[in-house]
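Student: I've got a model open and I'd like to learn how to read its features. Can you walk me through it?

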Amino acid sequence: MLGYTVEPRDVFIMSPHLHHTPAKKKILLLEHFLVVPSEMSSLSGKVQTVLGLVEPSKLGRTLTHEHLAMTFDCCYCPPPPCQEAIAKEPIMMKNLYWIQKNAYSHKENLQLNQETEAIKEELLYFKANGGGALVENTTTGISRDTQTLKRLAEETGVHIISGAGFYVDATHSSETRAMSVEQLTDVLMNEILHGADGTSIKCGVIGEIGCSWPLTESEKKVLQATAHAQAQLGCPVIIHPGRSSRAPFQIIRILQEAGADISKTVMSHLDRTILDKKELLEFAQLGCYLEYDLFGTELLHYQLCPDIDMPDDNKRIRRVRLLVEEGYEDRILVAHDIHTKTRLMKYGGHGYSHILTNVVPKMLLRAGVTTKTYECIRVIPQTERLPSQFTPPLLDQASVIAL
Ligand SMILES: [Zn+2]
C-alpha cells in the first residue's frame, strides 16, 4: 500500500548495540534482528515467520538463503548452438546432466513454482535431518508467493521467513522504476508491517535485494529505500550483489550512506563474487554477514558469468575455514540458494538437506577445521555420529541471522 506512514507507536525496534561478551554474544545477535510491534511488547524478542511471531530459540537449524516458490525466466540464456532441441525436452535421466550444466537454458527448469509437492516432501526430509527453519529470499520480480509459503509452513512444521523487496533491475516494472525512494520505502515497510502480495502474510526480512553489475539507477533507489526501511524497522537485510568483486563494496557504501546498519546486513553469493582471498578479507572488515550460499552448485561453466570459475563445495568449506581462522566465525552464514528444478532431490539434485547431510560431515572429517567452525555455521545435526563436544550450542543454528 503506497503512502502508508509508520507511526512511532506501530513499531518498536529492538536494536541493542553489539557489546559482545563471549557468554552473551549469541543472544545479543538474536535480539539484534527483531522487529516487534510495541503494543505487543510481551512478544518482544520474536522472529516474524509467515505464520506469525516465533521465539528465536524455536527456529532450530536455519538456512538463510533458499527459495521454495519462484520463477527465474529473467535469467534465461539461449542454449549453445546446435543444442536447441535438448533444451526443449522434458527433464529425463538421459538429459539430466545437460540440464544441470545448462540450467538457465531449459525453460521448464526455471519454474520452481511448479514443484510445491516435491518441495513439501523435501522440507519434511530437511526436518527429519535436523533442519528447523529457512529464509525464503524470493522478492518481487521472481514470483514471490507468500500463500504457498504459508501452506508449506503449515503442512511441514518448518519455520519459513519471507523476504520483502525487489529482485534485479531486469525484473523491475515500469511502476517500480517510476517510484521515489520514499515510495519504495513505504512498499518495503508495508510488506513487513502489514503483509505482502495483497495478503496479510508478513515478511520478516528485507531481501534478497537484487543488484546487477554495473548497478542501475532503479537498483540504487531500492538500496536506499532498503536502508531507510531498515533504519525504521531494525530488521535484517539480505543483498544479492552483481557479478563483480567490486559490487559488494559499492553496495555496502550506498547502504551505509543511506543510514543502513551494516552489522544487520547479509552479503549473499560471496562464493561467486569475491574469489580473491585478500579482497575477501578486506570486504569482511566492513562488518556485514558473509554468506556462502551456493553449496551444492558445482559447475564447469557458469552460464550467468562465464568469466567466473564457480568454486566447488570443498573450496567453499576452505573459505569458511579461512574466515573462521581470521576471526569472523560470528559473521558466516551458509545455504544452497535452490532456484531451479534440477537442484531438487526429485530431479537427482542435492536438495535442501545437502548442508546438513553432506557438507557438515565433510567439515567434521576435514583435519584442521576446528570445533569453532561447526559452531559458527550453526547447522550441526545432533546425531550419534558426532562427538559430544559438537553438540549444538543453546541458540545454535543460523537462527542467529535471526530474521
Ligand atoms: Zn537467491
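Student: Which elements make a right-handed β-α-β unit here?

Tutor: Keep in mind that this is a predicted model. The right-handed β-α-β unit is made by strand S6, helix H5 (residues 146–156) and strand S7. H5 lies across S6 and S7, and runs at about 165° to S7.

Student: How do I read the pairing of S6 and S7?

Tutor: Here's the general idea: strands of a sheet pair through backbone hydrogen bonds, either parallel or antiparallel. In this case, S6 and S7 (residues 159–164) pair in the parallel sense, with four bridges between them.

Student: Is S6 mostly covered or mostly open?

Tutor: Mostly covered: S6 spans residues 131–136, and six of its six residues are buried. To count as buried, a residue needs 20 or more other C-beta atoms within 10 Å of its own.

Student: Okay, zooming out, what is the strand order in the open sheet?

Tutor: Eight strands, ordered S5-S6-S7-S8-S9-S10-S11-S12, with parallel pairing. S5 and S12 (332–334) stand at the edges with a single partner strand each, so one side of each has no neighbour in the sheet. On average, neighbouring strands of this sheet are turned by 25° against each other, ignoring direction.

Student: Which residues make the contact?

Tutor: From H8, pick out Lys220, Leu223, Gln224, Thr226 and Ala227. On the H9 side, you want Ile251, Ile254 and Leu255.

Notes: Residues numbered from 1 in each chain as written. Predicted model: local features only at pLDDT ≥ 70, side-chain atom pairs only at ≥ 80, totals over all residues. Buried ≥ 20, exposed ≤ 12 C-beta atoms within 10 Å, placed from the backbone. Helix = DSSP H or I, 4+ residues; strand = E, 2+ residues; numbered from the N terminus. Pairing = 2+ DSSP bridges. Right-handed = clockwise from strand over helix to strand, strands pointing away. Contact = placed C-beta atoms within 7 Å. Axes fitted to C-alpha atoms, helices over the stretch in contact; angles between N-to-C directions.
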